Amino acid sequence: MDADLTVPMLLRRARALFGDKRVVARWGDGRLHRSTYLEVLARADRLGGALQRLGVRPGEPVATLCWNHDRHLEAYFAVSSIGAVLHTLNLRLHPDELAYIATDAGDRVLLVDEELLPLLEAFRGRSPIREVIVVRHGDAPLAPGLLDYEALLDAAPPANPHEAREQDAAAMCYTSGTTGRPKGVVYSHRCLVLHSLMLAMSDLFGLRERDVILPAVSLFHANAWGLPYAAPFVGADLVLPGRQLDALTLRRMLAEERVTFTAGVPTVWLPLLELLDADPAAADLSALRLLVVGGAALPEALLRGLNERHRIPAVHSWGMTELAPVGTLATLPSRMERAAPEARLAARLRQGTPGAMLEIRARGDSGLIPWDDVAVGELEVRGPTVSSGYHGIGDTEGRFTEDGWFRTGDVVSIDPFGSIRIRDRAKDLVKSGGEWISSVALENRLMSHPAVLEAAVVAVPHPTWLERPLGAVVLRPGQEVSVDQLKEWIAQAFPRWWIPEALVFVDQIPRTSTGKFLKTRLREEFAGWYAGSQAPAP
Ligand code: AMP
């Protein structure tokens, strides 16, 4: 009765009951590799042994810098099974940021895809990483000092089992901070098991043995929404699309593998919808029973297009890295079955009601708001899948209330049935195609240019990326600088996809009564800026 809820417990179930279920993965060289949970778990066992041989101890992080494939999944299973902490690095970040994160986490051992070695070399020297294990798909020789993944597995003894306690850390993932300093979110074994259970509940994702699950999210993003744990737990097949999340690849894999459940951000699904519209008969997606859209607000045109033109049941979800990460789902409750079509559509465009492991409330200027869908306030959440602080720093930023609720930074209204609708964002971030850009970091960079007096960066709607940054810049008297020069200035410090396409010179930046930048005014003023434009891929 008092057995701990641990990742190894969840994997033992997969081994005992679902060993022959499929794991399909697209490798870096484009080949499709087919195996089973039994094979993946056997290899994970040897990876665990190899890591122990490298001296990895319980509680120590093991980093990954990999795309979506079965070797990465092996790391998911192996690391938590020896009591170590899986730390997935986001390969879209700037090397400076990766250096900071790897140092903050204390990463000594890292698993990397061969094709990502140049990225690793750009920050390894500034990190504590000492042991580098390379996942290869070709025969190109490895540089001295690097360990070959397959050779390591061949020579490895089976892992010494480690009985973790449920409160122990099993995984960690960094999330962007508004000041540009990412923070490590730590997931306990208990959190990951309860999150998997929650995903399996029929009013959430309803995951089950007969499902074929394709996470159209990266394994390095917020646990790939918990699917790498939930799929083996319920015994569903798992399809990992490698690095390709483009519409053509997704359409082909969804159709050929007869995928029943998939999940991803809107910017993954918008191009798929375009492809389906262009040639509706090209692929048979009739096996799909649920396509979850989350991570950013679901555009009405996407919902209607998928549902009405292609009969694909798309559903809106909200979540956060700090919640493991799924929080809500907007399925239609039974009381709405006979409601008018517009009311049903409106309900499905909301972010929805919380999953079973989550309590919600929202706080406005004068306290907790009523659930009348009129009052707005910052959403606060609490529950066993909510992280309780950040690695190394706990709660120095005051993200938790005195009575232990987590402040999400999302401004919502709540209807009488507990369905939330996000109205605004209290945090100073831009979410471009599912990836965060820190407005504050961009502002600081712009304001460090000698010709710039002040600068404010806001998120404005964009047709392809849903949001892009826009910078309003005030020049120092008598100074001149071109937009291209400012972009070059930003490019020296940030990845290319951070650079705002729009930098606008203004006479002054609107301010609040307390002298802060009045960003709501800027957002309103420039809301239409990107309409019709096509920014380059972030
Ligand atoms: P992350 O931790 O990177 O997953 O980002 C979490 C944040 O993304 C949330 O706090 C929201 O601001 C935003 N977000 C996630 N899902 C949605 C959604 N369905 N609608 C609007 N914003 C969302």
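Predicted model: local features only at pLDDT ≥ 70, side-chain atom pairs only at ≥ 80, totals over all residues.
Colleague: How many aromatic pairs does the count come to?

Modeller: A pair of aromatic rings is described by the distance of the centres and the angle of the planes. Rings of Phe, Tyr and Trp pair if their centres lie within 6.5 Å, and by this rule the count comes to 7 aromatic pairs.

Colleague: Is the pair of Phe205 and Phe261 stacked, edge-to-face or tilted?

Modeller: Planes under 30 degrees apart count as stacked and those over 60 as edge-to-face, with the rest tilted. The ring centres of Phe205 and Phe261 are 5.1 Å apart and their planes are at 40 degrees, so the pair is tilted.

Colleague: How many residues apart in sequence are the parts that Phe205 and Phe261 tie together?

Modeller: Phe205 is buried, with a relative accessible area of 1%, and Phe261 is likewise buried, at 0% relative accessibility. Because Phe205 lies in the loop between helix H7 and strand E10, while Phe261 lies in strand E12, the pair ties together parts whose separation in sequence is 56 residues.

Colleague: Which word, stacked or tilted, describes the aromatic pair of Phe494 and Trp498?

Modeller: Phe494 counts as buried at 16% relative accessibility, and Trp498 counts as buried at 5%. Together with Trp497, these two residues form one aromatic cluster. The centres of Phe494 and Trp498 are 4.7 Å apart with 10 degrees between the planes, and the pair is stacked.

Colleague: Over the ring of which residue does the charged end of Arg445 sit?

Modeller: A charge sits over a ring if, among other conditions, CZ of Arg is within 6 Å of the ring centre. The charged end of Arg445 lies 4.0 Å from the centre of the ring in question, which belongs to Trp489.

Colleague: With the side chain of which residue does the side chain of Glu435 make a polar contact?

Modeller: Glu435 is found in strand E23, and at 7% relative accessibility Glu435 counts as buried. Leaving aside neighbours within four places in sequence, the residues in contact with Glu435 include Asn90, Arg92 and Trp497. The polar contact, at 3.2 Å, joins the side chain of Glu435 to that of His221.

Colleague: How many of the 10 residues of helix H9 are buried?

Modeller: Among the buried residues of H9 are Leu250, Arg251 and Leu254, and the buried residues of this helix pack against several elements, including strand E1, strand E2 and helix H10. Helix H9 is largely enclosed by the rest of the structure, because the number of its residues that are buried is 7.

Technical notes
Residues numbered from 1 in each chain as written. Heavy atoms only, no water. Phe/Tyr/Trp six-rings, centres within 6.5 Å; stacked < 30°, edge-to-face > 60°. Helix = DSSP H or I, 4+ residues; strand = E, 2+ residues; numbered from the N terminus. Buried < 20%, exposed > 50% of the residue type's maximum accessible area, 1.4 Å probe, protein only. Lys NZ or Arg CZ within 6 Å of the ring centre and 35° of its normal. Polar contact = N/O pair within 3.5 Å; in protein donor to acceptor, adjacent residues only side chain to side chain. Contact = heavy atoms within 4.5 Å.
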